[in-house]
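Please look at the sequence and the 3D structure shown here before reading on. The briefing that follows takes up elements, salt bridges and pockets in turn.

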Amino acid sequence: MERSIRVQALVLHHTNYGEADRFLRLLTAERGKISALARGVRRMNSRKAGHLEPFTLISAQLSKGHGTEWIVDQVSTLEAFPSMTEVLDRTIQGSYVTELADRFTVEEIENRQLFRLTLETIRRIASMDDPFIAIRFFDLRLLDLAGYRPQLQQCVICGKPVEPVNQYFSAVLGGIVCPSCSSSQLYIRPITVRTLKFLRYYQNHNFQDAAAAGWPQDIRSEGEEILTQYIAFMLERKINSQEFLSHLRDEKI
């Protein structure tokens, strides 16, 4: 068993522990998700604290002592995203991405594609005036990587190709239900043909093409709700950051 490793990692989140320590959740390319303890990091004179904030890409030396958890021995910042914490919306959007990356990653199992997708999405949120596109692209790629790609090309019940008319979406069945099959199904919701077209386009194109296509403001809430509800169903739990964002939006109305 390795007792010491060096990793490049994205800090997903941290939790206070004891009087001065923090537990960290790190995402790496080679080892997937890693839980580690940063001792004394909450003390005023700690040199590690600034390197271990969420959304920071770090290089860290980790070791195992007498216990089983990793300990942060040394750490340096490779890439920081200060704009992520300057605006509340960006912080919540970044938290949404890191929360899902955490939920869909297995402890210490290599997942290079998810690491790259998560880091690229954080970079986009930090730099784009309108991160909505980056987040929805993340949703669909994450579902692909996790093996939960929604069926958007044909009805999941009868198998017929989707016609260019308003349809229904079933999180339980994992995709589109056509109008002819909808009457026999519970827990389905309507989806307009316009939203379906954007979901399909993002699902089948790279980020540059998706960004060029944009996403009309008047159908954004529908696309967001369908994707986040489907992801929450796959996780069998609420997405905390999305719940918080929805609460803030309700307060602004």
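Helices (H or I, at least four residues) and strands (E, at least two) are DSSP runs, numbered from the N terminus. The model is a predicted one, in which local features need pLDDT of at least 70 and side-chain atom pairs count only at pLDDT 80 or more, while totals for chains, interfaces and linings use all residues. Residues are numbered from 1 along each chain as its sequence is written, and side-chain values use heavy atoms, with hydrogens and water left out.

- Ala-29 counts as buried because its relative accessibility is 9%, where buried means under 20% relative accessible area, exposed over 50% and partly exposed in between (1.4 Å probe, protein chains only).
- Ala-29 and Lys-238 are 209 residues apart in sequence, and their C-alpha atoms are 26 Å apart in space.

**Salt bridges**

- The structure holds 15 salt bridges, each being a side-chain nitrogen of Lys or Arg within 4 Å of a carboxyl oxygen of Asp or Glu.
- One of them joins the side chains of Arg-25 and Asp-102 at 3.3 Å, N to O.
- Arg-25 lies in strand 2 and Asp-102 in helix 2, so this pair ties together parts that are 77 residues apart in sequence.
- Arg-25 is partly exposed at 22% relative accessibility, whereas Asp-102 is buried, with a relative accessible area of 5%.
- Glu-30 and Arg-112 also form a salt bridge, with their closest N and O atoms 4.0 Å apart.
- This second pair links distant parts of the chain, since Glu-30 is in the loop between strand 2 and strand 3 and Arg-112 is in helix 3 (residues 112–127), 82 residues apart.

- The largest pocket holds about 580 Å³ of space; a pocket is an open set of points, on a 1 Å grid over the protein atoms alone, where a 1.4 Å probe fits, with protein on both sides within 12 Å along at least five of seven lines, and its lining residues have an atom within 4 Å of a point.
- Of the 24 residues that line the largest pocket, Glu-224, Gln-242, Leu-245, Ser-246 and Arg-249 are the closest to its centre.
- Helix 8 gives the most to the lining of the largest pocket, with 7 residues.
- The second largest pocket has a volume of about 150 Å³, a volume being the space filled by probe spheres set on the grid points, which are joined across faces, edges and corners.
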